[in-house]
Amino acid sequence: MRIRRSIARTVTALIFPAICLAAIGYFGYFTIAGPRGLIALGDARQQLTTERTALALIDDHRRRLAHRVDLLTKGDPDLIEELRRDQNLGVLPGEIGVARGGH
């Protein structure tokens with residue numbers, strides 16, 4: 001009887017630590033290797049850097065276009081002449097037009 005009680009006490013005494021160890025292991029795994037864990041954090045930071053670079057390029061292109069639109073609305077004669085020549089290959093009287101290879 002004493003041995004049976006001793007084993008029962010030992011098992012009873014180990015149940016709570018076993019449950020705690022299982023919970024720590026479960027949450028520890030997801031903290032490190034889960035979908036939002038430390039490993040995923042490095043991947044997310046790398047993707048964020050890539051997206052910020054792409055955003056900077058797009059924003060720079062948008063600013064350039066906005067500047068050209070601003071010049072067009074002000075009636076900048078140089079830009080208007082440049083666009084006319086690029087789009088129409090228009091030449092003024094006395095000029096000779098040579099087509100580019102890309103057009």
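1. Is F27 exposed or buried? F27 is exposed, at a relative accessible area of 54%. Here buried means under 20% relative accessible area, exposed over 50%, and partly exposed in between (1.4 Å probe, protein chains only). Y26 is partly exposed, at 48%.

2. Basis of the note. This is a predicted model, in which local features need pLDDT of at least 70 and side-chain atom pairs count only at pLDDT 80 or more, while totals for chains, interfaces and linings use all residues. Residues are numbered from 1 along each chain as its sequence is written, and side-chain values use heavy atoms, with hydrogens and water left out.

3. Overall fold. The chain has 3 helices and 0 strands. Its pattern along the sequence is α-α-α. Helices (H or I, at least four residues) and strands (E, at least two) are DSSP runs, numbered from the N terminus.

4. Surface. Of the 103 residues in the chain, 4% are buried. The chain exposes about 9500 Å². Carbon and sulfur atoms supply 64% of that area. Accessible areas come from the Shrake-Rupley method with a 1.4 Å probe; for residues, only the protein chains shown count as cover.

5. Helix α1. This helix has 32 residues. From first C-alpha to last it reaches 46 Å, close to the 46 Å expected at 1.5 Å a residue. The expected span is 1.5 Å times one less than the number of residues. A kink of about 30° lies at I15, shortly before the proline P17. The bend at a residue is the angle between axes fitted to the seven residues ending there and the seven starting there.

6. Nonpolar patch. I3, I7, V11, I15 and I19 make a nonpolar surface patch of about 500 Å². I3 sits in helix α1 (residues 2-33) and is exposed at 63% relative accessibility. Patches are made of residues with over 30% relative accessible area and no salt bridge; like charges are joined within 9 Å, nonpolar side chains (Val, Leu, Ile, Met, Phe, Trp, Tyr) within 5 Å.

7. Aromatic rings. The structure holds 3 aromatic pairs. One of them joins Y26 and F27 edge-to-face, at 5.2 Å centre to centre and 80° between the planes. Ring pairs link Y26, F27, Y29 and F30 into a cluster. Rings of Phe, Tyr and Trp (its six-membered ring) pair if their centres lie within 6.5 Å; planes under 30 degrees apart count as stacked, over 60 as edge-to-face and the rest as tilted.

8. Helix α2. Residues 38-74 form this helix of 37 residues. It reaches 53 Å from first C-alpha to last, close to the 54 Å expected at 1.5 Å a residue. Just after α2, G75 takes a positive phi of about 80°.

9. R62 and D59 meet at 3.1 Å, N to O. Both lie in α2, 3 residues apart, about one turn of the helix. R64 pairs with D60, the closest N and O atoms being 3.5 Å apart. R64 is exposed at 57% relative accessibility, whereas D60 is partly exposed at 29%.

10. Link between helices. E82 and R68 meet in a salt bridge at 3.8 Å, N to O. E82 lies in helix α3 (residues 77-88) and R68 in helix α2, so the pair ties together parts 14 residues apart in sequence. Salt bridges that share partners also join D59, R62 and R63 into one network.

Technical notes
A salt bridge is a side-chain nitrogen of Lys or Arg within 4 Å of a carboxyl oxygen of Asp or Glu.
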